[in-house]
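Colleague: I'd like to learn how to read a structure like this one, feature by feature. Could you walk me through it?

Modeller: Gladly, let's open it up.

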Amino acid sequence: MKLKNKNSFINKSAEGVAPVVYGFKVAHKLYILLFTLVLAYFAYSVYLAFVTYKGDGKVDIDKTLLSTSHNGRIIDLPIKEGENVTKGSLLAQLRPAT
């Protein structure tokens, strides 16, 4: 013979049904969000460590291969050995090929 107990003494749901705790669901989602944020911060810090470098220094180059998009002969080299150059500096002046 089966006994049926419609209500439990601990909670008001039927027997065999677990009570729903909404606080646990919210806390679980917050833990997942926190873990994701910590993981993203760690990945970003590793990215910065391997990709970026800040510092001062000097680069010594023995040989450099330069090429231009136009043909011609070099008529002027305004940069002297040991001078600092920046992006956009004029390195050489060409006479157009005929």
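This is a predicted model: local features need pLDDT of at least 70, side-chain atom pairs count only at pLDDT 80 or more; totals for chains, interfaces and linings use all residues.

Colleague: Is S89 buried, partly exposed or exposed?

Modeller: The reading rests on relative accessible area: under 20% is buried, over 50% is exposed, and partly exposed is in between. S89 has 29% relative accessibility, so S89 counts as partly exposed.

Colleague: Which backbone oxygen lies 2.9 Å from a polar atom of the S89 side chain?

Modeller: That oxygen belongs to T86.

Colleague: Now the overall layout. What pattern does the protein chain follow along the sequence?

Modeller: The pattern is α-β-β, made up of one helix and two strands.

Colleague: Which element has the highest mean pLDDT, and which the lowest?

Modeller: Among the elements of the protein chain, α1 has the highest mean at 91, while β2 has the lowest at 86. The protein chain as a whole averages 79, and 79% of the residues score at least 70.

Colleague: How much of the protein chain counts as buried?

Modeller: Of its 98 residues, 0% count as buried. The accessible surface comes to about 10600 Å², and carbon and sulfur atoms contribute 62% of that.

Colleague: Which residues make the nonpolar surface patch?

Modeller: The patch is made by F42, Y44, V46, Y47, L48, F50 and V51, and covers about 750 Å². One of these residues, Y47, is found in helix α1, which spans residues 22–51. Y47 has a relative accessible area of 46%; because that falls between 20% and 50%, Y47 is partly exposed.

Colleague: What about the loop between α1 and β1: is N71 buried or exposed there?

Modeller: N71 lies in that loop and is exposed, because its relative accessible area of 67% is over 50%.

Colleague: Which residues is N71 in contact with, leaving aside its neighbours within four places in sequence?

Modeller: Those are R95, P96 and A97. With A97, N71 has a C-alpha separation of 5.7 Å, although the two are 26 residues apart along the chain.

Colleague: And where is K58 found?

Modeller: K58 is also in the loop between α1 and β1. At 73% relative accessibility, K58 counts as exposed.

Colleague: Stepping back to contacts with a separation of 6 or more, what share comes from residues 24 or more positions apart?

Modeller: In the protein chain, that share is 19%.

Notes:
Residues are numbered from 1 along each chain as its sequence is written. Side-chain values use heavy atoms; hydrogens and water are left out. Patches are made of residues with over 30% relative accessible area and no salt bridge: like charges are joined within 9 Å, nonpolar side chains (Val, Leu, Ile, Met, Phe, Trp, Tyr) within 5 Å. Accessible areas come from the Shrake-Rupley method with a 1.4 Å probe; for residues, only the protein chains shown count as cover. A salt bridge is a side-chain nitrogen of Lys or Arg within 4 Å of a carboxyl oxygen of Asp or Glu. Helices (H or I, at least four residues) and strands (E, at least two) are DSSP runs, numbered from the N terminus. Buried means under 20% relative accessible area, exposed over 50%, partly exposed in between (1.4 Å probe, protein chains only). Contact means heavy atoms within 4.5 Å. A polar contact is a pair of N or O atoms within 3.5 Å; within protein, one must be able to donate a hydrogen and the other to accept it, and residues adjacent in sequence count only if both atoms are side-chain atoms. pLDDT is the predictor's confidence in each residue, from 0 to 100.
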